[in-house]
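Dear colleague,

Please find below the structure that I am handing over to you. My notes on it follow directly after.

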Amino acid sequence: RKWLQALDQVDFNYQAIQTPKQYDFYKTEVAAVHQKLVVIISDAMRYEVGAELLSKMHADTKNTSGMRHLLASIPSKTNVGMAQLLPGDKTFNNGDILSDGIATASTNRTKILKAYKPNAEAVQFESVAKAKQSENRELFKKDLVYVYHDVIDAIGDTRKSERKTFDAVRDAILELEKFIKLLHGSYNVANVLITSDHGFLYNDEKLEDKELEKIPNETVISHNRFYITNTQEENELGYTIPLENTTDFNEEAYVHIPFSINRYRKGGVGHQFVHGGASLQELVTPLIISTRKRVEVARKVNPSLLNKGKLR
C-alpha cells in the first residue's frame, strides 16, 4: 500500500520519478552499444528471481556481472512490457500494440529491430535450444539478438499449473545460467543483457470468489489485476491512471488497478499467480549486465636476433 501511495503522490507520472524506465531500455542500454550484444527477455522474471540468477552467475570466475533495475509500465502485462523494450514510436491501438506502424507480435520483432540495427534478429529461446551448435554460431555473429525466454509466465499464468510457479522459477534460473555460459564461452558473445517484461504476485492459498472485486461492464481490456477504459471514470476501490503516464503511448486511455494486491473477478484465469497491476513486485524488474573477462597471459620471453648483420 505504501508503494502505491508513493506513486499516487506523483499521479503515477513516471516523468516525475528519477529512476530508469522500461520504455527507455532500447535508447539507453542497446542503441549506444557498438559491439555484439545479446538481450535476453525472460517473461515474468521478477527482481528477486534476477538476484538469485545473478548469484548463480557469480560462481563462474570468468564472468563479470552486476544488476540494476527498470521500472515497468502499467499495466504490467506481457504485450505492453515486450513492446516497451523494443525501439520505435509506439501506439497502443486498443491492445494491438504497434511500433512504427508494425505490430509488435513475436513474428514482427526482427523487422522492428532491423529498422534500427540492420544486422539484428529476434528469436525464441526454444528455437535456440533445439538448434545445432553451428546454426547458433551463425546466429550469434549478428550485431544484436533478442532472445525471448518464457518459462515462469508459461506455467504461472495458466490456471491449471499456477501452483507450480516456484518450480518454474527454479527451472528458469537453471536454463538461463547455462545459456549465459554458452553465450560467453561457446558463441563468443562478450556482452549480454538479461531483463524482464514484468514481475508477478503469488498467493499460496487459493482465493475464494467472494474475495475478488467486480469489473465494470464497459471496458476496452480487462484482466484479474487491471482494466482499461477509453474515458476517465471514478474508481472507488483503486486508482485510475492515464495510460500515457507510465508508457510511451500517447492515446487517451485509462488504466484502473485495485488497491494493494487485490484481484478482479475474471473467468477462465487463475488468481494465485497474477500480474498487470502496479505493486512493487510487478513493476520493479531486473536488468543484469553480464560480460566475459579477458584473460591476459603474461610470460617472460627470450629475444632472438633475426638480422645478425648491420642493424638499421
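Helix α9 (residues 165–185) contributes the most to the lining of the largest cavity, namely four residues. Helices (H or I, at least four residues) and strands (E, at least two) are DSSP runs, numbered from the N terminus. The model is a predicted one: local features need pLDDT of at least 70, side-chain atom pairs count only at pLDDT 80 or more, and totals for chains, interfaces and linings use all residues. Residues are numbered from 1 along each chain as its sequence is written, and side-chain values use heavy atoms, with hydrogens and water left out.

The structure holds one cavity of 30 Å³ or more. A cavity is a set of points, on a 1 Å grid over the protein atoms alone, where a 1.4 Å probe fits but cannot get out; lining residues have an atom within 4 Å of a point. Grid points are joined across faces, edges and corners, and a volume is the space filled by probe spheres set on the points. For the largest cavity this volume is about 50 Å³. Its lining consists of M57, D60, N63, E177, I180, K181, H184 and R292. Of these residues, two are nonpolar, two polar and four charged (Ala, Val, Leu, Ile, Met, Phe, Trp, Tyr, Cys and Pro count as nonpolar, Asp, Glu, Lys and Arg as charged, and the others, Gly among them, as polar).

Turning to the aromatic residues, eleven aromatic pairs are found in the whole structure. Rings of Phe, Tyr and Trp (its six-membered ring) pair if their centres lie within 6.5 Å; planes under 30 degrees apart count as stacked, over 60 as edge-to-face and the rest as tilted. The pair of F200 and F273 is stacked, because the ring centres are 4.9 Å apart and the planes stand at 25°. F200 belongs to the loop between β8 (191–195) and β9 (201–202) and F273 to strand β14 (residues 273–274), so this pair ties together parts that are 73 residues apart in sequence. Both F200 and F273 are buried (under 20% relative accessible area, with a 1.4 Å probe and protein chains only). R46 lies over the face of F200, 5.2 Å from the ring centre; a charge sits over a ring if NZ of Lys or CZ of Arg is within 6 Å of the ring centre and within 35 degrees of the ring normal. Likewise, the charged end of R109 sits over the ring of Y148, at 4.4 Å from its centre. One aromatic cluster is formed by F125, F140, F179 and Y187.

Yours sincerely

Technical notes. Buried < 20%, exposed > 50% of the residue type's maximum accessible area, 1.4 Å probe, protein only. 1 Å grid on protein atoms, 1.4 Å probe; cavity = no way out; pocket = protein on both sides within 12 Å on 5 of 7 lines; lining within 4 Å.
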